[in-house]
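Subject: Structure for you to look at

Hi,

Here is the structure I promised to pass on. Please open it and keep it beside you while you read my notes.

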Amino acid sequence: MSGLIDIKTAKSALPEPRRRLVDQLVADNKPSKPAPSVLGQWLAWLGFSLVAVVFSLFLIGPQFEIMDRLTEPASGGFLLLTFILAAFSAWVGIASSMPQYRPRWAPRMVAGFLILFLFAMPFLFFDRESLAGVVTLDMADGWFCARTVVWIALPTWLMLGWMASRNASFYPRWTGAWLGISAFLLGAGTIQLHCARWETCHMLMDHLLPMLLFIFLPIWIGGYWFARWRK
Amino acid sequence: MDFNDDQWKTWAQLMKLTQSGDKAAYERLLLEISPLVFHFVHKRVFDQDHVEDVFQDVLLSFHKAKHSYRTDLPFPPWFFAVIRNAVWAALKKNYRITQREVPLEDLLEIAALETAEDGIDDRIHQAMAALPEMNRQAVELLKLKGMSVDVAAKTLGISNAALRVRAHRGYALLKKILVTQAEKSE
């Protein structure tokens, strides 16, 4: 039984380096607040995301025929899948920032398959216009949609990152990647509520491509940020 | 060692006290889990030279991650998952360091064998002198004076992890300097 061990005897039985390490760790022990549960942190993300989406739509405005779009299977399904994937990635990202997390293939496979399907949806269900036309329009409006996706993703990722950095991730790059995917998808979903251009090239280039182009950033930064707890 | 439910409950209780800042409880907890952690590490690390280093890394990770334990949940799953991840991370780190580490012992042996006529001794001394102060100290204490990581870290008044980083950078710089010197002499 634990209560019966003699600390002095147990300590003197330890080799010198271990004894010194124990002393250092004990001296370094300070009161700490237990980390919130994954569910608690995910709910905090959910609340923040709702605020971010509503605030963004307040600024840029929803598209005129949004209710029609939401009730159409293809566009409604696209939006639903985008937000569900964002929520799923946020959950796995937060879970991966906990020290007891064990990486498994199942969530990666599921997320990978669904993201592929999400990228395929514009080809399968929406009108195709010419790429040149999309680029011309983008040049004219200064790539508004792509910029907005990044602007929504940035604070969301920072908020998620702040929460995850207070945990203790053994897989910091994976944590960064999951949280990055979540943030970009939230941006993509929000801009899709605003943008009335349900066209293959535009959706891919301006709404989804920012995630592919910039995903290396959350992975790279996450590799440092979420590993800081071990320093 | 036989671990029963009472033992785990006691450790969960000690974790709770530790999180509230109770140093005596933490000391007891560390002393009690140390043999188990060491056994766990020993079974998973084949290179016996690294067992002690990995054990220390694991205990340090446990220390840094202890705030993530939720006292309303059972202790064993959290404990073993953290220890397992920490062992894996420590092994990966050790592997990276081993892969990139300059075999300084080999250089010193070559220097001794090939005599001073090649000037290898001098070159190593010159290269050491060219290192930044903090990296030079780390390399000297670990490789020339043969101190353990613990003792060397204590001597310099820094953490083990910081010492390893300094030494590792020192090896890399030393290699770079020696290679540059060799290229120039050719």
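The crossing of α9(A) and α11(A) is right-handed. Keep in mind that this is a predicted model. Helix α9 covers residues 172-194 of chain A, and helix α11 covers residues 216-225 of chain A. Their axes lie 7 Å apart and the helices pack at an angle of about 140°. An angle over 145 degrees would count as roughly antiparallel. At about 140°, α9(A) is therefore oblique to α11(A).

Which residues of α9(A) and α11(A) meet? From α9(A) come A:P172, A:R173, A:G176, A:A177, A:G180 and A:F184. From α11(A) come A:P218, A:I219, A:G222 and A:G223. By class, this contact of α9(A) with α11(A) has five nonpolar, four polar and one charged residues.

Now turn to another pair in chain A. Helix α5 (residues 73-96) and helix α6 (residues 105-125) have axes that come within 10 Å. They cross at roughly 155°. That angle is why α5(A) counts as roughly antiparallel to α6(A). The crossing here is left-handed.

On the α5(A) side, the residues that meet α6(A) are A:A74, A:G77, A:F78, A:L81, A:T82, A:L85, A:F88 and A:V92. Look at the spacing of those numbers. An α-helix has 3.6 residues a turn, so residues three or four places apart point the same way. On the α6(A) side you will find A:P107, A:A111, A:L114, A:I115, A:F117, A:L118, A:M121, A:P122 and A:F125. By class, the contact of α5(A) with α6(A) has 15 nonpolar, two polar and no charged residues.

Stay with α5 of chain A for one more residue, A:S96. Is A:S96 buried or exposed? A:S96 counts as buried, because its relative accessibility is 0%. Leaving out residues up to four places away in sequence, A:S96 touches A:Y101, A:S169, A:W174, A:T175 and A:W178.

Next, find A:R102 in the loop between α5 and α6 of chain A. With 41% relative accessibility, A:R102 counts as partly exposed. A:R102 and A:Y171 are 69 residues apart in sequence. In space they are 9.2 Å apart, C-alpha to C-alpha.

On to chain B. How many helices and strands does chain B have? There are nine helices and zero strands. Of its 186 residues, 44% count as buried. Take the contacts in chain B between residues at least 6 apart in sequence: 59% of them join residues at least 24 apart.

One helix to check is α7 of chain B, residues 133-144. Its buried residues include B:N135, B:R136, B:A138, B:V139, B:L141 and B:L142. After α7(B) comes B:G146, with a positive phi near 70°.

Last, the cores. The largest nonpolar core has 93 residues. Those with the most contacts inside it are B:F62, B:F75 and B:F79. What does B:F62 touch, not counting residues up to four places away in sequence? The list is B:M15, B:Y26, B:L29, B:L30, B:I33, B:F75, B:W78, B:F79, B:V82 and B:I83. Another core, of 17 residues, lies apart from the largest one. Among its residues are B:I124, B:V149, B:A152 and B:A153.

Best wishes

Key
Residues numbered from 1 in each chain as written. Chains lettered and ligands numbered in written order. Predicted model: local features only at pLDDT ≥ 70, side-chain atom pairs only at ≥ 80, totals over all residues. Heavy atoms only, no water. Core = buried A, V, L, I, M, F, W, Y, C linked by side-chain atoms within 4.5 Å. Buried < 20%, exposed > 50% of the residue type's maximum accessible area, 1.4 Å probe, protein only. Contact = heavy atoms within 4.5 Å. Axes fitted to C-alpha atoms, helices over the stretch in contact; angles between N-to-C directions. Helix = DSSP H or I, 4+ residues; strand = E, 2+ residues; numbered from the N terminus. Parallel < 35°, antiparallel > 145°, perpendicular 65-115°, else oblique. Left-handed = near helix turned anticlockwise from the far one by under 90°. Nonpolar A, V, L, I, M, F, W, Y, C, P; charged D, E, K, R; others polar.
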